[in-house]
Amino acid sequence: MKKVLFITFLIAIRTIALCQSSLASDPNWFIKPYANFAAIIQHRSSMGNLITGYPKTYELNIVKPTLGNKLWQIENNLPDIGLNLSFVDYANPKELGYGIMVAPFVEIPLNKKQRTRRLYLRLCWGSAFMTKHFDLKENQKNGAIGSMYNAYVQFKWFWHIPINKNVRFEPGFMFSHVSNGRAQSPNLGLNIFGVGAAFNFNITKKPTPSIEKIDSSTKSKSRHEFTVLNSYGVNDGEVHGKKYLTACMSFGYNYNKRNTHKFGLGFDVFYEQNYVKDLRESNLPTDNAFQQLRYGPKICYSYNIGCISLPLEMGAYINQPITPDGSFYHKIGVRYMGKKGLMLGFGLRTHFAVAYCFDYGIGYRLPLGK
């Protein structure tokens with residue numbers, strides 16, 4: 001699990017570097033300390049014993065503005081990119097302990113027209129180190145976090161309020177999630193919602209270079225495209241139990257409504273050792289490969305930030321004699337879209353609020369026409 005999340009973080013950092021490099025770049029850098037006051041969302045009744053107070057989050061953010069020399073920057077209203085370092089006190093040192101997070105992010109202005117006060121959305125995904133997690137002998141009550149190393153997701157909505165040329169005040173509210181995607185049980189996850197504020201300091205104060213050329217290499221080659229993605233992951237069936245392989249072959253059609261938005265339909269075929277075990281325990285036939293599969297159609301949406309795609313998908317199983325996970329599944333993730341059609345993906349599959357597995361995939365997208 002530790003190696004998997006470290007590789008995930010390196011992929012995210014490398015993706016941001018690829019999107020930011022080439023042509024001219026804004027020379028300015030910002031330092032942004034942030035603090036908030038939050039509450040743990042009790043999405044399961046069994047988590048009640050873990051909530052003993054109000055968590056506090058302290059952040060140090062390193063921020064770099066984009067210049068507008070790339071098409072994806074213009075399409076996203078000249079966002080900021082950066083690295084987030086967080087420390088979270090979950091107000092339960094004995095059972096939940098503390099969280100240390102490292103995650104890259106992008107902050108997108110939600111108002112196309114520049115204003116004195118402007119609303120932003122932060123999208124952040126990285127890794128979390130938890131000082132306390134489930135332990136069969138010493139920490140049996142912690143059903144939220146089953147491993148030391150986890151994935152970290154944060155969404156933040158905040159306002160830019162300039163104080164002077166070099167300092168901004170940024171009040172807002174945030175939502176964050178920590179879990180290991182059921183790579184190690186138990187894994188209810190920790191969701192917190194809070195309000196807070198930051199001060200953004202310009203530490204370089206250099207003049208912005210002029211733009212001579214706009215790089216449009218991330219522009220979609222066609223409004224219509226076909227995709228195929230093969231991904232693999234692991235699922236922990238029970239506490240300290242065996243790890244089970246999960247595999248998925250995904251086929252999809254996407255319509256590029258705008259270069260930043262994709263809508264589509266698809267079809268997923270799943271092979272999961274954990275599900276095959278459930279079939280056998282129910283005395284159902286598993287004699288051939290077809291009987292061991294789950295599959296179903298899905299609807300898809302992706303928000304694209306240059307070479308980064310953020311998919312959101314919902315599907316329905318149409319072939320499952322037993323329903324241990326219900327009838328519907330959901331996927332969120334991050335994908336790197338190469339210029340030649342190569343796709344690299346990292347995602348989380350859930351059944352509503354219950355995580356099923358993280359998976360890693362490689363695939364290809366084929367433009368249909370021009």
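Which residue lies over the face of tyrosine 34, and at what distance from the ring centre?

Reply: In this predicted model, the residue over the face of tyrosine 34 is lysine 156, at 3.5 Å from the ring centre. A further contact of this kind involves arginine 294, which lies over the face of tyrosine 275 at 4.3 Å from the ring centre.

Because phenylalanine 37 belongs to strand S1 (residues 30–40) while tyrosine 54 sits in the loop between S1 and strand S2 (56–65), the pair ties together parts that are 17 residues apart in sequence. Phenylalanine 37 itself, at 44% relative accessibility, counts as partly exposed.

Phenylalanine 129 and tyrosine 149 also form a tilted aromatic pair, with 5.5 Å from centre to centre and 55° between the planes. Here the link runs between distant parts of the chain, with phenylalanine 129 in strand S5 (residues 118–130) and tyrosine 149 in strand S6 (residues 149–162), 20 residues apart. Phenylalanine 129 counts as partly exposed at 27% relative accessibility, and tyrosine 149 is likewise partly exposed, at 26%.

Finally, Trp125, Phe346, Phe358 and Tyr360 form one aromatic cluster; cysteine 124, at 4% relative accessibility, counts as buried.

Notes: Residues are numbered from 1 along each chain as its sequence is written. This is a predicted model: local features need pLDDT of at least 70, side-chain atom pairs count only at pLDDT 80 or more; totals for chains, interfaces and linings use all residues. Side-chain values use heavy atoms; hydrogens and water are left out. Buried means under 20% relative accessible area, exposed over 50%, partly exposed in between (1.4 Å probe, protein chains only). Helices (H or I, at least four residues) and strands (E, at least two) are DSSP runs, numbered from the N terminus. Rings of Phe, Tyr and Trp (its six-membered ring) pair if their centres lie within 6.5 Å; planes under 30 degrees apart count as stacked, over 60 as edge-to-face and the rest as tilted. A charge sits over a ring if NZ of Lys or CZ of Arg is within 6 Å of the ring centre and within 35 degrees of the ring normal.
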